[in-house]
Amino acid sequence: MTWLKLVEGYMPMQMISELAGSILVFALVNWALNRAGMGIPKFWAGIGVWIYIQLYLKYRIYPPIPFSVRAIYGTVSGCGIFMWVSGSEGEWQEFKRPILNVMDGISGFHKGVRTAALIVIPLALGGFAYNSFLPSFEEPIELRTVHPAPPATTKVHGKTFVLQVVENPYRVNDDGKYDQAFTDARIVEQAMGRLMKDVNDPNYNPWDPNAEGYIKYVREGGEIFFQNCHFCHGDNLNGRGLWAYAFNPIPANFTDAGTIAQLQETFVFWRVSKGGIGLPGEGFPWASVMPPWEQHLTVDEIWKVVMFEYWHTGYYPRTWD
Amino acid sequence: MGRLKSRQSGKKFLAVTGLFAMGVMLLLPIFVALPALAGGGAPAAGGPPPDVVAAEEAEGVEGEEAKVEIGRDVYYKTEGPVVGAPAPKTADTEEFYPRYNFESRVLLWVANQQHLYYGSFVLAVPIFCMCIEFAGLVSKDKAMAKKYDQLAYDFVKISLTAYSLTAILGGILIFTFLTLYPAFFGYLSSIFRPVMHIYALMFVAESGTLYIYYYGWDKMKDGLLKWLHCSMSVVLNVIGTVLMFLANSWIGFMMSPAGVDEQGRFLGNIWHVLHTALWNPLNVHRILGNMAFGGGVVAAYAAYRFLSAKNDEERAHFDWMGYIAMSLGVAFLIPLPFAGYWLMREVYAYRQQMGITLMGGLLAWLFIIQATMIGILFLTTNYYLWQALGRMTGGERFQRYIKYFVFILVVGLLVFITPHTIVMTPAELKAMGGQQHPVLGNYGVMSAKNGGINAIIMTTIASFIWYQRGNRVPAVKWAKFGNIFLITFFVVAHLNNIWVACYGYFIPANVRIGLSVPQVAGTLSCLFFGSALNLAMLSKSRELGPIRWGQIAPRSQYALIMLATAFTWMMGLMGYIRSSVRLFWHVNEIMRDNSPWAYTHTIGFGANVISFNVLFFWITILFVFWLGALGAKKAPVPATQPVPGGAPQPATGH
């Protein structure tokens, strides 16, 4: 369904708003039909709304939502609909009536439905059981830990770094002192979809060849990134590099709110240094082909490229003060 | 007359003397332990043999000073004399880990969890008793006062049997520790030695107070004696809370040790050992959690009695009891997520890897299950309240809006439980084009989740306000203005919540964490200000009809049982998560777990053990309920006088 696009940057709220709008329309239609004496029975209204939500999630949202999440959503929306139809005694009686009518077989039609249900339900269950026993050739589900916990310390180029306390030596203010607030204020301005728009402060422009201090280090980090990282992580740092689709899973998308934005800078330093091969046991199934960059870059270069990634995406590393 | 007076004054004297004696007994352990505390936990009694003392004295002061080794506190970074042995370096042998032909960790897990369930219950219920007895004491309506008193008594009666079971389970737990993890338990005991006996003596004081409180109920039912009886519940709860704080200090030490050096040697400052980085967040979280859990269990008891009631009077009484217990439980459930948030924040601040293991890594999926359980708790609470509107004349005028509340709750919950790490097949991963979904990925982070849970909590508060208004219409002059203001207040709080949730994506994490303050402030304002305003409006109100206690739909009672089961399951789950986050450490970064079970179980296995624990607890608590009902059968049949709400008149004696 592409006639109404999900707008980048607004997608999460758009999805909720569309669902809210639809429910409101259903409520209004039902109200109007009730006024006209043609109200939809509660039983069918409940089932209809539930089916609508499932279809919406399956066909409206793109890229496709994995089944596990749709199952969660389906269950929760099902519970919600149960709460609605049984919220008051009157509504509950109304909802139950068609089921009880069929079970009681109050007419020939209802008896027919009951007979059909008695045949179809066991058959469906049998079919479900049969299918679940069939051998499957699909790759098994991997409960992959995207952010495995880092060690307390890591050794890079012979030096031990305590990840809880170490600071990026290039995240400095004009006086050369570590200053996160200063550097946070000078990240790049973001357009929709976390695309680079403009520098926040013209005095701190990485394209300025005479730039000094923090922004100079960002520039150097950028050079390192485009010499080494962008082939996989992409020009926009969104994980869509030239070689990205040669890998499964594709490389991390730094513009996503769930990656570097959630982590301390030292975590990223550790992951870049050690690469996929240095993932801990918790990182099973170690599905990462990222090289251990400590074999190719110096400690300073790693710090600079990490800082560039935050600068470019407009995110701030997580801190606790 | 004079005889009566002298008997009453005799009673008063006895009560005052009893309370005084109790206070002295309470303080006794602290006095006894003072030398040990002052000496930084050095052996309080006995000491080295006389010949050793004589030899030490002969060496002189200089020799003594030279012997004192100074260690550095792993957390406080202060220096102190090494007075303890290092943490044992264990190996996978019978010496350190004697075992049956079964996984020792699971045995300990079950013993610990059962003790904890009962411990939480018996700590929470006396707090309820205190509140309810006090409410009865200050109530001007005599019938209501009696009703409250009966309810408080019913509560404490249930907790009394549970108390014995708690003690038995505590014994089983200690035996399990001693037989399966002797090295670890020995080390922990050596560290906590200065307060170990305070704990034991507090337990004795708790038992004594509880028994006097229960058995003295009838003897101390009037006048000053009743006040003394009620104040005894305060003493009881103070002891209970101190007990819990001490127990919490052990798990706090295991997760975030302090007061020891890198080798785990005690440095003489017991306060540092107790007051670890996570102690206070754990204390707050556990108090609230226990209260919510206790409320849930009592509500389940009431539901069970309601469903098995033989007449309308019983049904009315247990309907009312279930409502009160549920309200108390939910009152503590509402701030619980905030306390949990604080705890997690402190965990992150203490160790980055611990925080990530919990919420982004290995245990992240368990957190999704936890979020689901929290959602179930709130949804069930709302559902119960909507059902409860059905027993009020006029309640139906709110029921037509239920669908909108359902929508907010469902959307809030969907956001709240969207996983950050999605379970998917490789084919789905490929189709999605990466690990993060561009739409749902945004729900998987804290900013959105805070918005989701706050929306759920505010809706629950609104349901409570509906309930308060069920059969009443405000009759104050400013009712119209008040209604408009109240609705606007809730709408603005919701909008503020959504805006802050979205804004959180555009600012640094440390600022984002601060954003939870305006979100929580909005929610708490709805809770306190909204409820207070509503009550002010109802201070002068027109009643549309009575509350028909006992005429609630039976499915509401199943909702109460589900509420309690969800509490139980969630407690088991969170305990498992909290304990698992230490991974292969008995004491984080100090004492390594070298048993064959120092690995993290699969989610399925963990869930099965939790479910077993829940099932076991509910089977045993049913026994407790049955005992409670057994006692009730012997109580005198209440007089059938009309009382507010149609509830039965409480028994005059117990």
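Reply: Glu589(B) counts as partly exposed because its relative accessibility is 29%, and partly exposed covers the range between the limit for buried, under 20%, and the limit for exposed, over 50%. The model is a predicted one, and in it Glu589(B) lies in the loop that joins strand S5 (585–587) to strand S6 (591–592) of chain B. The phi angle of Glu589(B) is near 65°, which is a positive value in a residue other than glycine.

A positive phi is also found in chain A, where Leu237(A), again a residue other than glycine, has phi near 60°. Leu237(A) sits in the loop between helix H8 (230–233) and helix H9 (265–274) of chain A, and with a relative accessibility of 0% Leu237(A) counts as buried.

Another backbone feature of chain A concerns a peptide bond: the one from Tyr62(A) to Pro63(A) is cis, with omega near -5°. Pro63(A) belongs to the loop between helix H2 (42–60) and helix H3 (67–85) of chain A.

Back in chain B, Leu224(B) is placed within a helix, namely H7 (residues 223–255), and at 41% relative accessibility Leu224(B) counts as partly exposed. Between Leu224(B) and Tyr467(B) there is a separation of 243 residues in sequence, while the distance from C-alpha to C-alpha is 36 Å.

Terms used
Residues numbered from 1 in each chain as written. Chains lettered and ligands numbered in written order. Predicted model: local features only at pLDDT ≥ 70, side-chain atom pairs only at ≥ 80, totals over all residues. Heavy atoms only, no water. Helix = DSSP H or I, 4+ residues; strand = E, 2+ residues; numbered from the N terminus. Buried < 20%, exposed > 50% of the residue type's maximum accessible area, 1.4 Å probe, protein only.
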